[in-house]
Amino acid sequence: MKAKAMRQVKKYMQNFKYIYKKELLKIDLWHFTFQMDAGLPEIQMTIKFDEGFLDVLAFPHPIIVNENNFYNLLRTINNINWNLKSLGRLYIDDYNDLAYSLRIKYNFLEKTGEILLEEIEFAIDIYSDLLKIIFDVSQDKISYEAAKNEIDLIWRKRY
């Protein structure tokens with residue numbers, strides 16, 4: 001099932017709507033880099049193929065979380081997660097990365113096919129839609145309340 005999932009994801013990524021650079025860290029560990037708008041951090045993504053599932057992890061690089069902005073970023077992320085309509089979630093990990101994590105079981109992938117693989121693209125959609133706001137919170141350019149209002153406006157229109 002692992003090899004089949006790798007072929008499915010490889011085929012899906014050929015028509016991915018975002019431009020990326022791909023590196024094979026191992027045969028079953030892929031790394032992607034996405035350039036975002038000027039002045040914003042790039043987004044890095046890894047896809048790791050395990051025995052029964054694949055894990056997707058996406059995060060801005062360089063790290064944007066620090067002690068000074070942790071609380072407001074955490075509140076912003078909680079607000080985003082409250083409104084997310086996807087299988088993945090945003091969180092701040094032990095390395096202070098603002099990560100989006102998604103796990104897809106192979107048997108579920110086999111039954112749903114490319115519809116489920118759209119969740120991988122959604123990981124980048126979130127950053128495409130919201131990275132400017134998240135980055136502004138991290139730089140103390142806007143407050144949590146202002147970020148919440150902007151996110152609500154964007155998502156009311158899009159989703």
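## A serine to start from

Let's begin with one side chain: that of Ser86 reaches the backbone oxygen of Gly88 at 3.4 Å. The model you are looking at is a predicted one. Ser86 also has a side-chain partner, making a polar contact with the side chain of Tyr100 at 2.9 Å.

Where does Ser86 sit? You will find Ser86 in the loop between H2 and E5. Is Ser86 buried or exposed? Ser86 counts as buried because its relative accessibility is 13%, and the cut-off for buried is under 20%. Setting aside neighbours within four places in sequence, the residues in contact with Ser86 are Tyr100, Glu119 and Phe122.

## The sheet

Now step back to the strands. In general, strands of a sheet pair through backbone hydrogen bonds, and the pairing can be parallel or antiparallel. Here, six strands make up an open sheet with antiparallel pairing, and their order is E1-E2-E3-E4-E6-E5. At the edges lie strand E1 (21-26) and strand E5 (89-92), each of which pairs on one side only. On average, neighbouring strands of this sheet are turned by 25° against each other, direction ignored.

To look at one pairing in detail, follow E1 to strand E2 (residues 29-34): the two run antiparallel and are joined by five bridges.

Another helix to look for is H2 (residues 70-83), which lies across E5 and strand E6 (98-105). H2 runs at about 165° to E5.

## Where H1 meets H4

Two packed helices are described by the angle between their axes and the distance between the axes. For helix H1 (residues 2-13) and helix H4 (residues 114-138), the angle is about 65° and the axes are 10 Å apart. Their crossing is right-handed.

Which residues bring H1 and H4 together? From H1 come Gln8, Val9, Lys11, Tyr12 and Met13, and they meet Glu114, Leu117, Glu118, Ile120 and Glu121 in H4. Sorted by class, this contact of H1 with H4 has five nonpolar residues, four charged ones and one polar one.

Notes:
Residues numbered from 1 in each chain as written. Predicted model: local features only at pLDDT ≥ 70, side-chain atom pairs only at ≥ 80, totals over all residues. Heavy atoms only, no water. Axes fitted to C-alpha atoms, helices over the stretch in contact; angles between N-to-C directions. Helix = DSSP H or I, 4+ residues; strand = E, 2+ residues; numbered from the N terminus. Left-handed = near helix turned anticlockwise from the far one by under 90°. Contact = heavy atoms within 4.5 Å. Nonpolar A, V, L, I, M, F, W, Y, C, P; charged D, E, K, R; others polar. Pairing = 2+ DSSP bridges. Buried < 20%, exposed > 50% of the residue type's maximum accessible area, 1.4 Å probe, protein only. Polar contact = N/O pair within 3.5 Å; in protein donor to acceptor, adjacent residues only side chain to side chain.
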